[in-house]
Amino acid sequence: MQNNETMRVQDRKSRIEKHHIEDLIGRSYMSLCVLLLIISIVSMVYFVTSKGISTFAIDKVSLADFFFGTKWSPEGDNPTFGALPFIAGSFITTLLAALIASPLSICAALFMTEIVPGWGKKLLQPVIELLSGIPSVVYGFVGLSVIVPFLRNVFPGQGIGVAAGALVLSVMILPTITSVAADALSALPRNLKESSFALGATRWQTISRVILPTTLPAILTGVVLGMARAFGEALAVQMVIGNAPFIPKSLFESASTLTSVITLGMGNTTMRSPHNNALWSMALVLMLMTFLFVFIVRLLEKRRSI
Amino acid sequence: MEATLTAPQILKAPKMERDFRTENLSIFYGTYEAVKGISLPFPEKSVTALIGPSGCGKSTFLRSLNRMNDEISGSTSKGSIWIDGVDINAPGTDVIKLRQKIGMVWQKPNPFYKSIYENIAFGPKYHGVKGKKALDEIVESSLRRAALWDEVKDRLKDSALALSGGQQQRLCIARALSVNPQILLLDEPASALDPVSTGKVEELIKELKEQLRIVIVTHNMQQAARVSDFTAYFYLGQLIEYGMTEKVFTNPENTMTQEYIMGRFG
């Protein structure tokens, strides 16, 4: 009897141990993957940071000269590394793109979810997915062969420039903002809308006074995500912006962005040269900006949950 | 409470009955007939309870009374809804105007993501009420009618979402009252609330029926018995039984009604 009992206990023990082993293997595998991910992110951040700092630490370029200097002449006899034109170019194109794309995206999202939820969604959903799947070089090419000639004919200048860059970018970030906004709108409890209707509010009043204010933090999240994409986009912008190292005085003048300067310059410089280091510093600025965008998104999400 | 007409008196007053009633009202979702030709009166100064198992069409029926089903694509209806001699189910009815006459409160409290004050002022603002003083008055009187004023009068600018569930529901009732409706539709208004809040909402219903007609959908038999004057039992989109609540609950004519009320079915 007693023997039987101990055997049963042992049996149970060994069965539990098997589960434990499976659990342990699964957990170690997961931990390994997460660890790998964290290591690669940390080392990337470390690499970009250490490279980016060397402009200031090794080449002794002052922070003020880099961030506020307007003259970019890295290969000259007396090299200067003023990156302000590119920082300004990045911000101007990004903000313009967001200004153009946000109203369009929000309207598209409202159309899909509120105005004609049936075929509106069926029609627009695949279009938006397609838009986000098109490679950026295609956007740049279309910009170069459609938008640039159009701008050249209508406005003064060569067509290439800030306006062309912002227009191309705005089309590229449309799907991001639209899909985030549409998700937020369709997640809204239906009876919130209905209680507005039940008070005799019209559809427009309901959209403008109930639906949009309620979903605003989520929609802004979409806008910030779109801006992050615009800020980091290199190829398409580079094709249409003209790549002149100056702060643009009008929308139809050539300019550069941080990304376009990096992609154009990286291949033509030698490692550890001051020029190369300056490009890394710009990469660092880009990275920090991305962190800032992520931070803003987090902040908005926190506000939404309250 | 003494001033209220007793249920038999109301039933004997056929002229009042005609004020608000449905006539052969059918509601379809696509080709599915969710409500099958129901004729039902809603007498003045009384509460009518709609009971029946889930999916019996009672909520659909309730929602059709202020044309809320218009917002659901694929939903169509046949028959008439008479209010003051006008068929509001007829095409061409101004739904926006109509909804000012008929307030509605949902199962889950759903205040707007605004302040308590803004929640109440929302409706009146759209119906031409101008000036802070007029709005202040409406906010106060609506909250008083919903027995919420004393609890929130010092924090009208606070977010409505900071209120408890029961307070939120009374806020929703106050919001519905803000446009001074003649009829109040309640879709299981207490099913998401705790017993104390439920008691308060039920008290409120009894008080409010002095001023307007109330139609309530409920799954809670005791609640229907407590608050309503008339009860209609729905099953599979049909009206099985209608009568004074007392009669329906103590001596129903139909055995199906009896079994449902006793909890043996549904």
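**Reading the model, step by step**

Mentor: Start with pLDDT, the predictor's confidence in each residue, from 0 to 100. Chain B has a mean pLDDT of 86, with 92% of its residues at 70 or more. This is a predicted model, where local features need pLDDT of at least 70, side-chain atom pairs count only at pLDDT 80 or more, and totals for chains, interfaces and linings use all residues. As for bookkeeping, residues are numbered from 1 along each chain as its sequence is written, chains are lettered from A and ligands numbered from 1 in the order in which they are written, and side-chain values use heavy atoms, with hydrogens and water left out.

Trainee: Where in chain B does pLDDT stay under 50?

Mentor: Where pLDDT is low, the predicted coordinates should not be read in detail. Here that applies to residues 1-18 of chain B, where pLDDT stays under 50.

Trainee: Okay, and how do I read a sheet?

Mentor: Strands of a sheet pair through backbone hydrogen bonds, either parallel or antiparallel. Strands are DSSP runs (E, at least two residues) and helices are too (H or I, at least four), numbered from the N terminus; two strands pair if DSSP finds at least two bridges between them. In chain B, an open sheet of 4 strands runs in the order S2-S1-S4-S5, with antiparallel pairing. Its edge strands, S2 (32-41) and S5 (86-87), each pair on one side only.

Trainee: How many bridges join S1(B) to S2(B), and how many join S1 to S4 in chain B?

Mentor: S1(B) and S2(B) share 6 bridges, and B:Ile27 has B:Val35 as its partner in S2(B). Those two strands make a hairpin with 2 residues between them, and B:Gly30 in the turn has a positive phi of about 65°. Between S1 (20-29) and S4 (75-83) of chain B there are 8 bridges; B:Glu23 sits opposite B:Ser80, and B:Phe28 partners B:Thr76.

Trainee: What about the place where the chains touch?

Mentor: Contact means heavy atoms within 4.5 Å. By that rule, 27 residues of chain B touch 16 residues of chain A. A salt bridge is a side-chain nitrogen of Lys or Arg within 4 Å of a carboxyl oxygen of Asp or Glu. Across this interface the rule finds 1: B:Arg63 with A:Glu194, at 2.8 Å from N to O.

Trainee: Which elements of chain B supply at least two residues each to the side touching chain A?

Mentor: Helices H4 (95-101), H5 (116-126) and H8 (165-177), plus strand S6 (102-105). The largest share, 5 residues, comes from H5(B).
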